[in-house]
Amino acid sequence: MTALTKINFGTEINRRNSGSLKWDDADLLYSAKDVLPLWVADTDFPPPAAVLEALQARVAHGVFGYPSPRFLGFEALSEWLKQRHGWETKPEWMVNSPGVCTALAVAVQTLTNPGDKVIIQPPVYPPFFSSVLQNGRTVLENPLIAENGHYRMDFEDLARKASDAKMLILCSPHNPVGRVWGAAELKKLAEIAVTHNLIILSDEIHGDLVYSGHRHIPLASLNPEIESLTLTCVAPSKTFNTAGLYTSAVVIPDKGLRQKFYEAISTLSITKSTVFGSVAMEAAYKHGGPWLDELLPFLAANAAYLAERFSKETPKIEIALPEGTFLAWLDCRELGLGDQALADFFGKEARVGLNNGATFGAQGSGFMRLNFGCTRATLKEAVDRIVGAYRARGF
């Protein structure tokens, strides 16, 4: 593999007319022309050179028969989790899935029964709701507590509800509020889960996207008791922008839970990877560290740029700097707009496509989610448009 020394994350790559959900469907979704899309959580950067080289080599081979399940990149993932997060895992603990959302739905369907209660912590990624409700289970909300733009878990409420629930879906780091949960918080969560024998689905897809001063701690790494209750969902898709290859892994240390999950996902015939997905995952986890080390300060600078400009030019739109992810959670409640009017303001007036906070639960009403995983030029254009619409409205 070619050694990677420097990446220019400021290089614009035209993604229009590439079949991109983010770019090619924006005008349709927001009912406006020339919408600048900062919504769905993929970035505008190519993956590390080593990933592209591995994919190109696989294409050059020229034969794309059924891939062997022995070549899924799990060894590389296990070493990555050890080196980057201090978590000792085994490749045999891992089960392939086309994506984390698929894994969540299969786990809910397999490890709970119809009518069982599943705890989620809104405002939170919308598929957490759908993976529960569409499988005939009951959502039990343990809302996060917001204090001056900083969110924390409500452990008293969680302890009360855990006794009546079968499962909790954890978002760590949290999408959309950007929290990277600290050791004390995770230990308290683990204590409650162990006390009530609560199965944890831990979505840690953003675990590598954590900024200076914070550290991602895999929940299952805390102790053997919580390890035996936890299914950890990981993927290279957010970190290395390989979402379109539909490859992820579920790390399940407990043999009984792993067997149930594997049997269920095998029944649906979706344990297989593509020849490109497994090649990309292995290359990313083997060789992508230096690239990620350059990406993180670039993203942190984008977040700081957003916060500074909103503070100065749109003071009624508040943003707290995220501790992780490439997603900003915008508090727009001071604008005094209803959820649809707020979405229309950004999509139709500013012509910037964001995610409506109301889709993240009732606690997201009055908020919008902005994806800053883009070039600075794109981000500047987006902020310029928002500022222009803000001033035109006279807010």
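Which residue in S8 is the bridge partner of Leu170? Select Leu170 and look across: the partner is Ser202. Keep in mind throughout that this is a predicted model.

**Stop 1: the mixed sheet**

S7 covers residues 167–171 and S8 covers residues 199–203. They pair in the parallel sense, over 5 bridges. Now show the whole sheet. It is open, has 7 strands and runs in the order S2-S10-S9-S8-S7-S3-S4, with mixed pairing. Go to the edges next. S2 (94–97) and S4 (138–141) stand there, each with a single partner strand, so one side of each has no neighbour in the sheet. Turn the view along the strand order: the twist averages 25 degrees from one strand to the next.

**Stop 2: Thr232**

Select Thr232, which lies in strand S9. Is Thr232 buried or exposed? Thr232 is buried, with a relative accessible area of 0%; the cut-off for buried is under 20%. Show what surrounds this residue. Beyond its neighbours within four places in sequence, Thr232 is in contact with Trp87, Ser202, Glu204, Ala220, Ala249, Val250 and Val251. Ser202 is the residue from the opening, the bridge partner of Leu170.

**Stop 3: helix H4**

Select residues 74–85 for H4. Check the length. At 1.5 Å a residue, the 12 residues should span 16 Å. The end C-alpha atoms of H4 are 16 Å apart, which agrees. Colour the buried residues of H4: Phe74, Ala76, Leu77, Ser78, Trp80, Leu81 and His85. What covers them? The cover includes strands S2, S9 and S10, together with helices H10 (237–240), H12 (275–287) and H13 (289–313). Step past the end of H4 to Gly86, which follows the helix and has a positive phi, near 70 degrees.

**Stop 4: helices H5 and H6**

Select residues 100–111 for H5 and residues 126–133 for H6. The two helices pack at an angle of about 30 degrees, and their axes are 9 Å apart. The crossing of H5 and H6 is right-handed. Show side chains at the contact. From H5 come Cys101, Leu104, Ala105 and Val108; from H6 come Pro127, Phe128, Ser131 and Val132. The residues of this contact divide into 7 nonpolar, 1 polar and no charged.

**Stop 5: the antiparallel sheet**

Move to the other sheet on this tour. Here 4 strands form an open sheet, ordered S11-S12-S15-S14, and the pairing is antiparallel. S11 (318–319) and S14 (355–356) are the edge strands, each pairing on one side only.

Select S15, residues 367–371. On one side, 2 bridges join S15 to S14, and the two strands run antiparallel. Asn356 has Met368 in S15 as its bridge partner. Find Leu327, which stands opposite Asn371 in S15.

Finish with the side chains of S15. In a regular strand, side chains alternate between the two faces of the sheet. Which residues point which way from S15? Phe367, Arg369 and Asn371 point one way, and Met368 and Leu370 the other way. With 5 of the 5 residues of S15 buried, the strand is largely enclosed by the rest of the structure.

Terms used: Residues are numbered from 1 along each chain as its sequence is written. This is a predicted model: local features need pLDDT of at least 70, side-chain atom pairs count only at pLDDT 80 or more; totals for chains, interfaces and linings use all residues. Side-chain values use heavy atoms; hydrogens and water are left out. Axes are lines fitted to C-alpha atoms, for helices over the stretch in contact, and angles run from 0 to 180 degrees between N-to-C directions. A crossing is left-handed if the near helix is turned anticlockwise from the far one by less than a right angle, and right-handed if clockwise. Contact means heavy atoms within 4.5 Å. Ala, Val, Leu, Ile, Met, Phe, Trp, Tyr, Cys and Pro count as nonpolar, Asp, Glu, Lys and Arg as charged, and the others, Gly among them, as polar. Two strands pair if DSSP finds at least two bridges between them. Buried means under 20% relative accessible area, exposed over 50%, partly exposed in between (1.4 Å probe, protein chains only). The expected span of a helix is 1.5 Å times one less than its number of residues.
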